[in-house]
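Welcome! Here is a short tour for anyone meeting this structure for the very first time. Take a look at the sequence and the structure, then read on.

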Amino acid sequence: MTAQTSTSRTASSARAAVEGISTGLYIDGAWVESASGERFDVVNPATEEVIATVANGNAEDAQRAIEAAGAAQKDWARTAPRERSEILRRAYDLIMARQEELALVMTSEMGKPLAEARGEVAYAAEFFRWFSEEAVRIGGDQTITGDGKNRIMVTKEPVGPCVLITPWNFPLAMGTRKIGPAIAAGCTMVFKPANLTPLSSLALVDILIEAGLPAGVLNVVTTKSASSVVTPWMESGIARKVSFTGSTGVGVRLLEQAAQHVMRSSMELGGNAPLIVFEDADLDRAVEGAFAAKMRNMGEACTAANRIFVQASVADAFAEKLAARLGALRVGDGAVEGTDVGPLVEEKALVKVGELVDDAVAQGARVVTGGSRPEGKGYFYSPTVLTNVSPTAQLMTEEIFGPVAPLIPFDTEDEVVAMANDTPWGLAGYLFTQDLDRAFRVGDALEVGMVGLNTGIVSNPAAPFGGIKASGLGREGGRVGIEEFLETKYMAMPRA
Ligand code: NAP
């Protein structure tokens, strides 16, 4: 099998899409080169071509950035909520006006098909619209003490300068999900996007500048050496909060650093989502749900269905339908219209997915479709369905982060709930059933922060996104999203 190869037209349109994006560091309202003058390459994973170079920030740049955020905090906290709201609203409009070009930038640096990239641009923009509406609704409280003697007035204040760190898999939305509430709350920021996908974030900075964000409020340092930039921020004593999306290992390290200055911490970490199909489910709906939960972003999502449990009586029928659905997908350069599945983000990811499949097969799994990489350039892996997967297979305990669906049969509800919860992670879980009692019973029993009930998609700006156990702390989006960036203060005074 060969991947649908890129054409010279898409290669040149990828380069054209990224031309014009500022590729320096954005510190205190100015685009600058890094202190070292070094730059690093950004590669298109579909073609393995370098599409841009960006500034490689270091500790000196990091220090300047956090000092700028610290200096801007006081004035920024005092701006009118309506002013902050309107900056976000203008940025929303600008993102949507440039949806097509931003989608092409995203596809070029990260690989996802254009249709999905357009979807992510809209999803990312929606966080700005949502938080533009929240900015003017930051509430408080007023009460009288139980003994009737005192008045208590509760107010909300911005936490202060925030450290924001995002991964490569949703290059725009992971940024707006943090920047949106920080702006709404009145926090300044230092922001480090992933080195594999900095261009979407840098394009976003250009948009926020155009929308009127004042100097010093958002400072962005791209780097090939994450810890040399992030550690000075965490140790600065200036930052009051860290909001991180990425792997659990890095999250734990950041929590250790945050403890030194008792910083507020939001952690959106890894997952190992179970997806459960009961025999009373609408099977076609379950296949569509599993398809969405597995194949969104080529499986490179923290919410991706990592373990698909199917009740034994429908296991064969489900495997056949899912294999037909995945086997029919077109794999290729995401910039070519009609592509369903793009490349993985880098060669390391491709090698890891291959190793996980090989390990499962060595432990007795059967490949129903896929199971290999297409020939040619680009980090492609064929959509894969595995049956008869052993509980000891490595992919049962690790995030696959690729288009591989392992199916595990089960007999009883109690058995499947125990298997689903047998993981240190607890981000998302999915279940398919037409029995309402069972839906709530199993939904309650799953140890996760988010449950998809007869649906494979749980992400929405109006919903509180986040996990429990090793999947993290705090929530992003929804009514609670802005709370993560606010402190509570109260004033007490005797009643006259
Ligand atoms: P990662 O390796 O943890 O990287 C995430 C971010 O942390 C990147 O910006 C990375 O920089 C930075 N980083 C790496 N080492 C660091 C260090 N020592 N100190 C400070 N920052 C450091 O994760 P990833 O591979 O990019 O992303 C995949 C992971 O993110 C998966 O586990 C996935 O489940 C999780 N994720 C979670 C959510 C959620 O909302 N719960 C959403 C999406 C992804 P560089 O990349 O530039 O090195």
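## A serine in helix 7

S200 sits in helix 7, which covers residues 198-210. Keep in mind that the model is predicted. With a relative accessible area of 1%, S200 counts as buried, because buried means under 20%.

What does the side chain of S200 make a polar contact with? Its partner is the side chain of E109, at 2.6 Å. Not counting residues up to four places away in sequence, S200 touches V105, M106, E109, P171 and L172.

The largest nonpolar core has 73 residues, and L275, I276, I308, F318, L322 and L395 have the most contacts inside it. Take F318 as a guide: leaving aside neighbours within four places in sequence, F318 is in contact with V277, L283, A286, V287, A290, I308, V310 and L407. Another core, of 65 residues, lies apart from that one, and its members include M174, M189, L218 and I482. In soluble globular proteins, nonpolar side chains tend to be buried together.

Now turn to helix 14, residues 436-445, where R438, A439, V442 and G443 are buried. Seen down the helix axis, these buried residues fall within an arc of 125°, so they line one face of helix 14. They pack against strand 12 (273-277), strand 13 (305-311), helix 13 (413-421), strand 18 (428-432) and strand 19 (450-453).

The face turned away from the buried side carries the exposed residues L436, D437 and D444. At the start of helix 14, a side-chain oxygen of D435 comes to within 3.0 Å of the backbone nitrogen of D437.

How values were computed. Residues are numbered from 1 along each chain as its sequence is written. This is a predicted model: local features need pLDDT of at least 70, side-chain atom pairs count only at pLDDT 80 or more; totals for chains, interfaces and linings use all residues. Side-chain values use heavy atoms; hydrogens and water are left out. Helices (H or I, at least four residues) and strands (E, at least two) are DSSP runs, numbered from the N terminus. Buried means under 20% relative accessible area, exposed over 50%, partly exposed in between (1.4 Å probe, protein chains only). A polar contact is a pair of N or O atoms within 3.5 Å; within protein, one must be able to donate a hydrogen and the other to accept it, and residues adjacent in sequence count only if both atoms are side-chain atoms. Contact means heavy atoms within 4.5 Å. A nonpolar core is a set of buried Ala, Val, Leu, Ile, Met, Phe, Trp, Tyr and Cys residues joined through side-chain atoms within 4.5 Å. The arc is that of the directions from the helix axis to the C-beta atoms.
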